[in-house]
Amino acid sequence: MHPASLWRSTPFRLAVTFGLVFFLTFVAAGFGTYQFLRQELQQSLDNSVTELHAVIASTDDLEDLIAMVDAYSRVNRAREWVFCVIGGDGRQIAGDVSTAPLPDGFSTVRPEALGLHGGTGYRTFSGMVGNNRLIVGRSFAATDRLEHIAFLSFLWATLVAMAGAIFGGALLARKAQRRLDGIAGAMAAVSHGAFGTRVPLRGNGDDIDAVSGQINEALDRLSALMETMRQVSSDIAHELKTPLNRLKMQIETAIAGDERGEPVSEALSDARAEANQINETFEALLRISQIEAGARRTRFQDIDLSDVVASVAEIYGDVAEDSGHVLTASIDTAPALTIRGDRELLTQMFVNLVENAIRHCPPGAAISISLARQGEKAVVAVSDDGPGIPAGEREKVFRRLYRLDKSRTTAGSGLGLSLVRAIADLHSGDVSIRDNRPGVTAEVVLPLEETRAS
């Protein structure tokens, strides 16, 4: 990846930010630890000096004091310790260094002040033993060495941590960028017409996988929409060709009759009826498109489904009777089956199912509409004992303008069941057709309002 594009990469920027935060945090923590270690070493040094001073000062006899100081001085060849006893007259009477009297307590003394050359300073403790002043000191060499080791360890640890943060961040950024590039590549392919392209998923459930899954779902819907548009275009071109040709022939017949001086009102009436039928087909297609776009969701409200189904059953009871059919209803009203939806569209959906059964069943057929609760869903079923629909055609009848061969001689545009499915989808429901032996059952399943709320 080019450095300029690398810096524009969001994962790389996040990796750099993470590495910087990690480095600063590590440095702050390391600095605090280093300071704590220094304090502990200083405290340990002070404790060792005071303890030895207390041991030597435990005798009040001057000769014993001098003998003990001289003994410690003889074994102190490396000058790690310094000892000095100054008499009451200010003269040094014992020890391996000479120094001016120091104030009581701790002092930090340079080697030159003790008559020594080079090396590190000393931490001394001065106190009176009888009339004499005892000075005990210890070199900073050991603590300085430990501090140096700790500092080098901290420095190397910082460098390793920084390198690890940079390397790890770059590795994670590279992996994340590859996945983002996969998303960009898939979207570019789709934009060029490869609607079957999908974003690859890792299956680890992380946020990029979640976003990729949502993109794939959107692409699935887009592909389905494009396929639907292609199918609709094909269906319109195929199905409307006949009525348009028929309209053309009726108009030409009227023109020819008018030229011969014959009455043409009947031909014009037929042409107007044909034009109205074509116009209704296009209006139905537009209505389905609007529903599928979700424009009617703004009109949703709480609907008592029992009331809607009962109204359809009451209105179409007489319609069925006039056409020689029998329509019965079975409606579950307790408890109330409430859904969130558009009352007008729901009514239209059930009306289409009932009208479809009346239109395609011979006189004397029994038709029923029922409403029942199944778990947290409402199920509306319209059944008949008519000729039925072949199993291989039951899904196709929901396509726009699709009509069974035996139904092509009956009135209708082949959009009734397409409208039913569009309305069901708008209400997050499902519609299916199954065998009723004999006849068919069209079943609509809708989620109840309490299900949505949960």
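What is the mean pLDDT of the chain, and what percentage of its residues reach 70 or more? The structure is a predicted model, in which local features require a pLDDT of at least 70 and side-chain atom pairs a pLDDT of 80 or more, whereas totals for chains, interfaces and linings use all residues. Residues are numbered from 1 along each chain as its sequence is written, and side-chain values rest on heavy atoms, with hydrogens and water left out. The mean pLDDT (the predictor's confidence in each residue, from 0 to 100) is 82, and 91% of the residues reach 70 or more. Over residues 405-409 the pLDDT falls below 50; beyond near neighbours in sequence, this stretch has five contacts (heavy atoms within 4.5 Å) in the model.

An open sheet is formed by five strands in the order β2-β1-β5-β4-β3, with antiparallel pairing. Strands here are DSSP runs of E of at least two residues, helices are runs of H or I of at least four, and both are numbered from the N terminus; two strands pair if DSSP finds at least two bridges between them. Strands β2 (92-95) and β3 (105-109) lie at the edges, each pairing on one side only. Strand β1 (residues 81-86) is joined to β2 by three bridges, and Gly95 in β2 is the bridge partner of Cys84. Helix α3 (residues 62-74) packs on the sheet and touches β1, β2, β4 and β5 (132-139). Cys84 is buried (under 20% relative accessible area, with a 1.4 Å probe and protein chains only), its relative accessible area being 0%.

Thr124 belongs to strand β4 (residues 122-129) and is likewise buried, with a relative accessible area of 1%. Leaving aside neighbours within four places in sequence, Thr124 is in contact with residues including Val49, Leu102, Phe106, Ile135 and Val136.

Phe350 touches Leu305, Val308, Val309, Val312 and Val380, not counting residues up to four places away in sequence.

How values were computed
Buried < 20%, exposed > 50% of the residue type's maximum accessible area, 1.4 Å probe, protein only. Axes fitted to C-alpha atoms, helices over the stretch in contact; angles between N-to-C directions.
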